[in-house]
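Keep the coordinates open as you read.

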Amino acid sequence: MADVSTYDIVAATGCPTGIAHTFMAKEALEKAAKAKGLTIKVETHGQVGIENELTPAEIRAAKAVVVAADKDVQAERFAGKPMVNVGVTAAIKDAGGLIDRALAAQPTGSLAEDLNEADVVNGGNAAEVSATEKESVGHIIYKHLMNGVSHMLVFVVAGGVLTAVSFLWGIYSFDSTSAQYNSFAAMLKIIGGIAMNLMVPVLAAYIAESIGKRPALVPGFVAGMIAIQGLPINPTTNMIDPAGAGVGFGFLGGIVGGFVAGYVIVGLEKALAFLPKNLDGLKAIFLYPLLSTLVVGLIMLGISGPMASINTGMMNFLRGLANSGPIVLGLAIGCMCAFDMGGPVNKAAYVTGTALLTEALTAGVGTPTYNFGTNFMAAVSAACIVPPLITTFAVIVGKKYFTESDRNAGLVNFILGCTHITEGAIPFMTKNIWPVMPIMMLGSSIAAILTIFFGVHDPAPHGGFLVLPVVDGGLMWVLAILIGAVVGGILFVAFKAAEYKKNDNKVVEG
């Protein structure tokens with residue numbers, strides 16, 4: 001009997017939010033491996049942590065490795081194995097192709113020697129394989145960025161929702177001079193504000209950690225804190241002064257600081273490689289944190305002026321889109337959110353929304369910054385909720401045009417959509433990118449445009465309809481989302497009906 005701990009393929013999956021893509025990729029890889037008659041074990045890096053963790057023995061015994069992740073999954077432990085390293089959506093779209101590519105990759109290093117020895121014993125020819133697949137530079141950068149985003153999101157969600165809940169006692173319930181004052185609401189806002197203020201430091205620290213591992217956390221956190229406060233200047237002397245005030249440069253500065261911190265650590269590791277092995281402890285606890293914090297701190301303070309200008313310019317550009325009317329801004333938001341449903345374009349829109357929301361909550365209720373940021377966040381949330389609801393509408397209204405598995409997935413998507421999880425619509429889109437993607441983008445755009453037009457304000461960054469009690473204009477927000485979902489659903493049903501008729505009145509499988 002074969003050893004139950006031995007697998008033909010081992011894999012690791014992970015997405016920034018760790019909610020949907022991670023487990024959809026796992027399921028796709030397992031199905032593809034089963035279809036090929038291969039055994040597989042997939043380790044998932046979700047929001048609750050690592051599940052189904054791979055052991056060193058399982059990694060060593062496997063024929064090949066598939067890494068499908070947009071965050072750090074410690075891929076260095078697979079060094080020497082035949083491996084393919086791609087984004088998480090690639091596994092959802094073509095899991096079978098990834099397995100084939102992994103099996104065809106050229107192994108190198110100590111783990112490769114074990115594999116080659118086993119291959120010789122089995123009468124194979126390990127030399128007859130293609131060149132090693134290397135991870136693209138673009139994916140490396142994106143993976144580091146998303147590692148920061150995945151750790152940041154939980155702070156944004158916790159802080160944003162707590163701050164939003166504090167408004168249930170009144171918009172000014174945190175203000176002790178207001179008639180609406182409530183001490184519990186004030187405490188909620190304090191806690192929420194602290195969590196939100198950690199957003200940029202955590203973003204920077206875990207981008208750095210993805211690049212330089214644990215030693216990069218210290219300079220990463222410092223870079224993030226500098227991005228928040230900027231270079232303090234004394235207004236009287238106009239000179240650098242710790243007691244002065246600086247201009248922060250937000251999440252954009254956190255991103256830059258994270259990459260700077262990570263690669264400074266990589267550089268220091270190379271520069272100090274000449275030191276004897278018995279000084280490794282000194283390097284880790286003293287030299288790396290001291291030197292990296294000094295170098296990164298000076299760099300971040302040095303670029304604070306230009307970065308603040310860039311950050312201000314970007315925010316002004318977004319406000320300029322808003323001044324062009326709800327159609328232009330709503331169309332941009334809707335298309336970005338539905339384009340890849342949880343991928344890099346979607347995340348760009350969402351992270352921008354959370355950055356604007358952070359500024360809004362800091363500025364305070366009633367300010368133009370608050371109104372713009374919460375309205376933008378409401379539009380982003382609406383656009384993210386719509387795609388799964390489109391599939392739910394379609395499988396109910398056009399039931400006979402869908403397979404049983406698609407009907408079941410569409411019904412589950414009602415729950416996913418209502419809780420702001422867009423990824424449930426991905427399987428429907430991957431089967432027919434054209435015209436399903438444009439349909440999803442249209443539905444999301446309609447919802448975003450109407451949300452902006454209706455003047456809805458959402459002070460919570462996530463949660464879908466769960467945060468409806470704190471949404472200003474909640475009923476109109478739901479109406480905007482339903483209109484977008486129904487329009488998209490009707491178009492989706494029309495497409496499936498045409499496909500059904502073209503296939504001799506039979507449901508198209510796959």
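Cys-335 has a relative accessible area of 24%, so it counts as partly exposed (buried is under 20% relative accessible area, exposed over 50% and partly exposed in between, using a 1.4 Å probe and protein chains only). Before going further: this is a predicted model, where local features need pLDDT of at least 70, side-chain atom pairs count only at pLDDT 80 or more, and totals for chains, interfaces and linings use all residues. Residues are numbered from 1 along each chain as its sequence is written, and side-chain values use heavy atoms, with hydrogens and water left out.

Searching the whole structure for disulfides (pairs of cysteine sulfur atoms within 2.5 Å) turns up zero. Cys-15 is in none, and the nearest cysteine sulfur belongs to Cys-384, 14 Å away. Cys-335 is in no disulfide either; its nearest cysteine sulfur is that of Cys-337, at 9.6 Å. With 1% relative accessibility, Cys-15 counts as buried.

Now for strand E2, residues 40-46. Helices (H or I, at least four residues) and strands (E, at least two) are DSSP runs, numbered from the N terminus. Seven of the seven residues of E2 are buried, so the strand is largely enclosed by the rest of the structure. Ile-40, Val-42, Thr-44 and Gly-46 point one way, while Lys-41, Glu-43 and His-45 point the other, and all are buried.

What does E2 pair with? Strands pair if DSSP finds at least two bridges between them. Strand E1 (residues 9-14) runs parallel to E2, joined by six bridges, and Thr-13 stands opposite Thr-44. E1, helix H1 (residues 21-35) and E2 form a right-handed β-α-β unit: with the strands pointing away from you, the path from the first strand over the helix to the second runs clockwise. Strand E3 (residues 49-51) is antiparallel to E2, with three bridges between them, and Ile-50 is the bridge partner of His-45. A hairpin of two residues links E2 to E3.

Finally, helix H6 covers residues 137-166. Lys-143 lies in H6 and, at 12% relative accessibility, counts as buried. Beyond its neighbours within four places in sequence, Lys-143 is in contact (heavy atoms within 4.5 Å) with Asp-70, Lys-71, Asp-72, Asn-85, Glu-135 and Ser-210.

Notes. The expected span of a helix is 1.5 Å times one less than its number of residues.
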